Structure formats: structure tokens, C-alpha cells
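This briefing goes through one protein model, topic by topic. Keep the sequence and the 3D view open while reading.

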Amino acid sequence: MALLEINNLGISFGGLRAVDNFSITIEKGQLYGLIGPNGAGKTTIFNLLTGVYKPNAGTILLDGNNITGKKTVDINRAGIARTFQNIRLFKDLTVLDNVKTGLHNSHPYSTVAGILRLPNYYKVEKQMDEKAVELLKVFDLDKEKDTLASNLPYGKQRKLEIARALATGPKLLLLDEPAAGMNPNETAELMDTIRFVRDNFDMTILLIEHDMKLVSGICERLTVLNFGQVLTQGKTADVLHDPEVIKAYLGE
Ligand SMILES: Nc1ncnc2c1ncn2[C@@H]1O[C@H](COP(=O)(O)OP(=O)(O)OP(=O)(O)O)[C@@H](O)[C@H]1O
């Protein structure tokens, strides 16, 4: 069974059909790229997938479960986590606490235990600290665990956002333009990180990206979107050599 199966998804904003008849199948463990010109509808698809928008048409199945039109929090619990085009960390929290906000989503103690500081609260908090540090080690951020997120350099903020998303325990990780604003060295390191996450967390990853070096370097399959519709999809090398794709996107 595919991990993600989207069939005939659509949404309109006023008269604009931002996403139309969009279908995609992503197998477990795939590293999949969603590309297309500005305004093609890529982020709208992420917003549909995460319950920010509700589709007017189509279905979304995650691991066989119908999550179409569900709330963001329920979709996260079902197993989808994302990062954003513009980094959205809790800038006034430490690196450690940013990751712990992700862990809280998956392993909460009762609110009463938290407010009353019952023994279970301290036990769970300690376990979360340990888990968060383990995760930070993977991203080589453990030494900066007490640093405020806003004081991290840009490339590390991106890594921290990925770590926080992983802390929620997803089956599918959505990355929206992870290389945006990065220099070539940071991008090369990010490519290694994404591969590492896929291999070591047994993760399925769908990413939106304009950086063709990153796309061709790490994505196994691509879907090209143009004016809200699928232009083509398939293996990365085949898609990037498709004359329609070159005309619509790469040649511009
Ligand atoms: N909430 C909204 N209300 C109205 N129009 C919207 C809304 N969200 C997106 N759109 C429109 O839908 C279209 C697709 O936008 P979207 O942001 O998904 O494109 P994109 O492919 O992610 O672009 P980029 O590569 O520039 O990020 C655009 O024309 C955009 O203006």
C-alpha cells in the first residue's frame, strides 16, 4: 500500500482554480520532489495536505486512512509534519524547548498533571529532555541546546525546524523550500541531512524546491505542477529531460 495517495484533489480561491485534479502516489521511504513555477500551487497542496485548507474535490489517504478535510492537529497525529517556506520556530525559546514542543504533540501528560506538577509531570519532562537531546545530536545541535532559536545561524535554524517536525513522530515529512536562502555549502549539508533523515528515520519525504541541484541530487521521483495541474510525473531524470518541463519551467 502507498504511504500517500492523493486522488483528483482540487481547490478554488474565488475564480482561481489553484489546484485542479491533482493526483500523486508516494511509496513508503521515497524521497519525492514537487516542483513548478512560482504560483503553480505547490504550497497550496501542502496546505491541503495539512488541513490548513479544505479541498472542494478529491481524497487524501495516508497509510490507507482517509484524512481529507481533517483538522491540522488531527492530521499531525495521523502522521504528517511539515516545515515552512519562511522558517517558523519559536524564536524566544531555546533549541531544546523548540524540539520539546514537537514531542508534546505526540506524548502529552494530562493537563492536570502539568498544572499541579504531579510526579508524572517531572518523569515525563525528564524523558522528553533526553529524547530531545538525542534528536538534537542527530542534527549536531546538542551543544547549542540552551541557545535561543533566534541566535542560531540560518542553516541551523532550518535543521532545527526539521528536528522539531520529526519530534512529532511523523510517517510523512513535508519540507517547503528547505534550501531557500541557503548558500551552496549550506545546501550541500542540507542534502546530506535530508538523505540521513530518510535513511535513519525510515522516513517518507515530500519536498517543494526551486534549487534544481538539490532536486536532481536527492529526489527519486518528481511531480511537476503548472497552473495547478500535473504537467508530468515520474523518475527524476526522465522528468527533468521532458521537453514540456523544460519549456514550462526550466527554460524560463
Ligand atoms: N488563501 C489564498 N487566497 C487566494 N489565493 C490564494 C491563496 N493561497 C494561494 N493562492 C493563490 O493560489 C495560487 C498558487 O499559490 P501557491 O502559493 O500554492 O504557489 P506555489 O507554487 O507554492 O508558488 P511559490 O513557488 O511562489 O511558492 C497563486 O495564484 C496564489 O496567489
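The C-alpha centres of domain 1 and domain 2 lie 27 Å apart. The model is a predicted one.

**Domains**

- The domain assignment gives domain 1 as 1–79 + 171–252 and domain 2 as 89–169.
- Contact between them involves 11 residues of domain 1 and 10 residues of domain 2.
- On the side of domain 1 that touches domain 2, helix α7 (residues 184–201) gives the most, with six residues.
- Sorted by class, that side of domain 1 has six nonpolar, three polar and two charged residues.

**The sheet**

- Strands of a sheet pair through backbone hydrogen bonds, in either a parallel or an antiparallel sense.
- Here, six strands form an open sheet with mixed pairing, in the order β6-β7-β8-β3-β9-β10.
- The edge positions belong to β6 (80–83) and β10 (229–235); each has a single partner strand, so one side of each has no neighbour in the sheet.
- From one strand to the next, the twist averages 15 degrees.
- β6 pairs with strand β7 (residues 172–176) in the parallel sense, over four bridges.
- Within this pair, Arg82 stands opposite Leu174 in β7.
- Helix α6 (residues 154–167) packs on the sheet and touches β6 and β7. The direction of α6 makes about 170 degrees with that of β6.

**Around the ligand**

- Which residues are around the ligand? They are Phe13, Leu16, Ala18, Gly36, Asn38, Gly39, Ala40, Gly41, Lys42, Thr43 and Thr44.
- β2 (16–26) and α1 (42–49) each supply at least two residues of this shell.
- The largest share, three residues, comes from α1.
- By class, the shell divides into four nonpolar residues, six polar and one charged.

**Gly58**

- Gly58 lies in strand β4 (residues 57–62).
- Is Gly58 buried, exposed or partly exposed? Gly58 has 19 C-beta neighbours inside 10 Å. A residue counts as buried if 20 or more other C-beta atoms lie within 10 Å of its own, and as exposed if 12 or fewer do. Gly58 therefore counts as partly exposed.
- Leaving out residues up to four places away in sequence, Gly58 touches Ile6, Asn7, Asn8, Leu9 and Gly10.
- Gly58 and Val197 are 139 residues apart in sequence, and their C-alpha atoms are 30 Å apart in space.

How values were computed
Residues are numbered from 1 along each chain as its sequence is written. This is a predicted model: local features need pLDDT of at least 70, side-chain atom pairs count only at pLDDT 80 or more; totals for chains, interfaces and linings use all residues. A residue is near a molecule or strand if its C-beta atom, placed from the backbone, lies within 6 Å of it. Ala, Val, Leu, Ile, Met, Phe, Trp, Tyr, Cys and Pro count as nonpolar, Asp, Glu, Lys and Arg as charged, and the others, Gly among them, as polar. Two strands pair if DSSP finds at least two bridges between them. Axes are lines fitted to C-alpha atoms, for helices over the stretch in contact, and angles run from 0 to 180 degrees between N-to-C directions. Two residues are in contact if their C-beta atoms, placed from the backbone, lie within 7 Å. Domain bounds come from an automatic or database domain assignment.
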